[in-house]
Amino acid sequence: MARAARGEPILGVCGGCQMLGERIEDPRGVESSRRVVAGLGLLPLRTEFEPNKLTATVQARSAGRSLLCADAGQPVRGYEIHMGRTTGSGLARPLLHGEEGADGAVSADGRVLGCYLHGLLAADGALPINIRVVSDGEEEVGGQSIVDFLEQDERGADACVIFDGGMEH
C-alpha cells in the first residue's frame with residue numbers, strides 16, 4: 001500500500017489482480033474456509049471463486065498505452081489458469097482485449113494494472129520499464145518478510161509485480 005500511496009506502478013497477475021480489487025468472495029468454499037476477504041481496494045473489482053477452473057492459451061492486444069505497452073493494439077500472449085469471475089466498474093478500463101473480450105483493469109491514473117494473463121512479462125522485446133523480480137515462498141503462508149524487504153529496499157524498480165496469492169493470508 002505504501003508503494004501505491006507514493007504513486008509507484010503496481011501490476012497484479014491472476015491472484016495478484018484479484019487482490020488488487022475490493023474483495024474476493026468464496027461462497028462455496030472452493031479455495032478457503034473464509035467466505036469473503038477484503039482486497040487492497042486499488043482497482044474497482046470484485047472476484048467470486050467458482051468451482052470450474054479456466055485454463056486457456058490466450059492471444060490478446062493491449063487496450064491502450066500503459067507501463068507495459070507503448071501503444072494500443074500491441075500483441076501479447078500467455079495463458080490463463082484461474083477459478084473465478086471478476087466483475088466491477090474497473091473492467092470498463094481494461095488492460096487487454098483478448099479473444100474472449102476485455103481482460104483486467106487499469107486504474108484511472110494508469111499506475112495500477114491487473115489482468116489474468118500469465119506470461120505477460122515474457123515479452124519478445126524489451127519492456128519499456130525497469131522490473132526487478134524478487135521471489136519469496138513465505139507469502140504462501142502469510143509471511144511479512146517479503147513486504148518488509150520491499151519497503152526497505154533502496155534499489156527501486158518502476159513496477160511492483162504481484163503474482164498469485166491465496167485467501168488464507
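Visitor: What share of the 169 residues in the chain do buried residues make up?

Guide: In this predicted model, buried residues make up 38% of the 169 residues in the chain. The chain exposes about 9200 Å², and carbon and sulfur atoms supply 49% of that area.

Visitor: How many helices and strands are in the chain?

Guide: The chain contains three helices and 12 strands. As for its contacts, 58% of those with a separation of 6 or more join residues 24 or more positions apart.

Visitor: Where is the place of C14, and is C14 buried or exposed?

Guide: C14 belongs to the loop between β1 (10–13) and α2 (15–20). A residue counts as buried when its relative accessible area is under 20%; C14 has 4%, so C14 is buried.

Visitor: How many disulfides does the structure hold?

Guide: A disulfide requires a pair of cysteine sulfur atoms within 2.5 Å. The structure holds zero disulfides. C14 is in no disulfide, and the nearest cysteine sulfur, belonging to C17, lies 8.3 Å away. C17 is likewise in no disulfide; for C17, the nearest cysteine sulfur is that of C115, at 6.6 Å.

Visitor: Is C17 buried or exposed?

Guide: The relative accessible area of C17 is 2%, so C17 is buried.

Notes
Residues numbered from 1 in each chain as written. Predicted model: local features only at pLDDT ≥ 70, side-chain atom pairs only at ≥ 80, totals over all residues. Heavy atoms only, no water. Helix = DSSP H or I, 4+ residues; strand = E, 2+ residues; numbered from the N terminus. Buried < 20%, exposed > 50% of the residue type's maximum accessible area, 1.4 Å probe, protein only. Contact = heavy atoms within 4.5 Å. Areas by Shrake-Rupley, 256 points an atom, 1.4 Å probe, with all protein chains shown as cover.
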